[in-house]
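Here's a quick look at one helix and at some charged pairs in a protein model. Have the sequence and the 3D view open while you read.

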Amino acid sequence: MAFLSSLNIPLSGLTAERFRMDIISQNIANAYDVATTPDEVYKRQMVVYGEDKTFKNIIRTKLGSGEIWQHKYIKYRGVQAMQVVEDPTPAEPVYNPRHPLADEFGYVYESNVDQAVEQMDAIQASDSYTAIANVYDVVLAMANKGLTIGKS
């Protein structure tokens with residue numbers, strides 16, 4: 001049933017937002033990381049989303065008509081986390097000559113994670129998760145209502 005495959009869209013969104021929350025938690029956990037060089041310090045991670053394209057949908061798009069397919073409906077797949085990328089913001093040098101990781105000039109490098117930005121991202125991801133869960137509930141309620149139409 002093509003209608004029930006539309007449940008994949010909100011489910012994939014829930015999975016993607018949960019993964020985003022995991023990455024935000026990882027960023028917050030490493031916010032106070034320091035290192036001797038800017039290359040060694042923890043760098044903020046960000047999630048890149050994309051459309052979940054199955055092989056069948058790619059072929060259908062390329063061939064156009066879709067006549068070779070036995071199924072007359074599209075299985076909706078939704079969104080997925082395509083990759084995790086590093087924030088290009090450079091590490092912040094802090095002068096602290098007594099720190100054990102200080103370089104020969106007395107600098108240590110702090111992570112580029114900003115706690116306020118991570119908290120705002122976490123709120124946004126949480127709100128998105130709640131909205132997507134509401135969409136899932138509505139689609140599920142419509143499917144259940146559709147199943148009761150034939151009952152007398």
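What follows covers a helix first and then the salt bridges.

A word on ground rules: this is a predicted model, where local features need pLDDT of at least 70, side-chain atom pairs count only at pLDDT 80 or more, and totals for chains, interfaces and linings use all residues. Residues are numbered from 1 along each chain as its sequence is written, and side-chain values use heavy atoms, with hydrogens and water left out.

**Helix H2**

Let's start with helix H2, which runs over residues 8-29. Helices (H or I, at least four residues) and strands (E, at least two) are DSSP runs, numbered from the N terminus. H2 has 22 residues and reaches 32 Å from its first C-alpha to its last, close to the 32 Å expected at 1.5 Å a residue; that expected span is 1.5 Å times one less than the number of residues.

Quite a few of its residues are buried, including Pro10, Leu14, Ile23, Ile24 and Asn27. Buried here means under 20% relative accessible area, with exposed over 50% and partly exposed in between (1.4 Å probe, protein chains only). The cover over the buried residues of H2 includes strand S2 (45-51), strand S3 (79-86) and helix H4 (115-147).

**Salt bridges**

How many salt bridges does a search of the whole structure find? It turns up 5, counting a side-chain nitrogen of Lys or Arg within 4 Å of a carboxyl oxygen of Asp or Glu. Here are three of them:

| Pair | Closest N to O |
|---|---|
| Glutamate 17 and arginine 20 | 3.4 Å |
| Arginine 44 and aspartate 87 | 3.6 Å |

Glutamate 17 and arginine 20 both sit in H2, 3 residues apart, so about one helical turn separates them. Glutamate 17 counts as buried at 7% relative accessibility, and arginine 20 does too, at 14%.

Now for arginine 44, which forms a salt bridge with aspartate 87. Arginine 44 lies in the loop between strand S1 (34-35) and S2, and aspartate 87 in the loop between S3 and strand S4 (92-95), so this pair ties together parts that are 43 residues apart in sequence. Relative accessibility is 10% for arginine 44 and 12% for aspartate 87, so each counts as buried.

Through shared partners, salt bridges join Arg44, Asp87, Glu118 and Asp121 into one network.

Conventions: Contact = heavy atoms within 4.5 Å.
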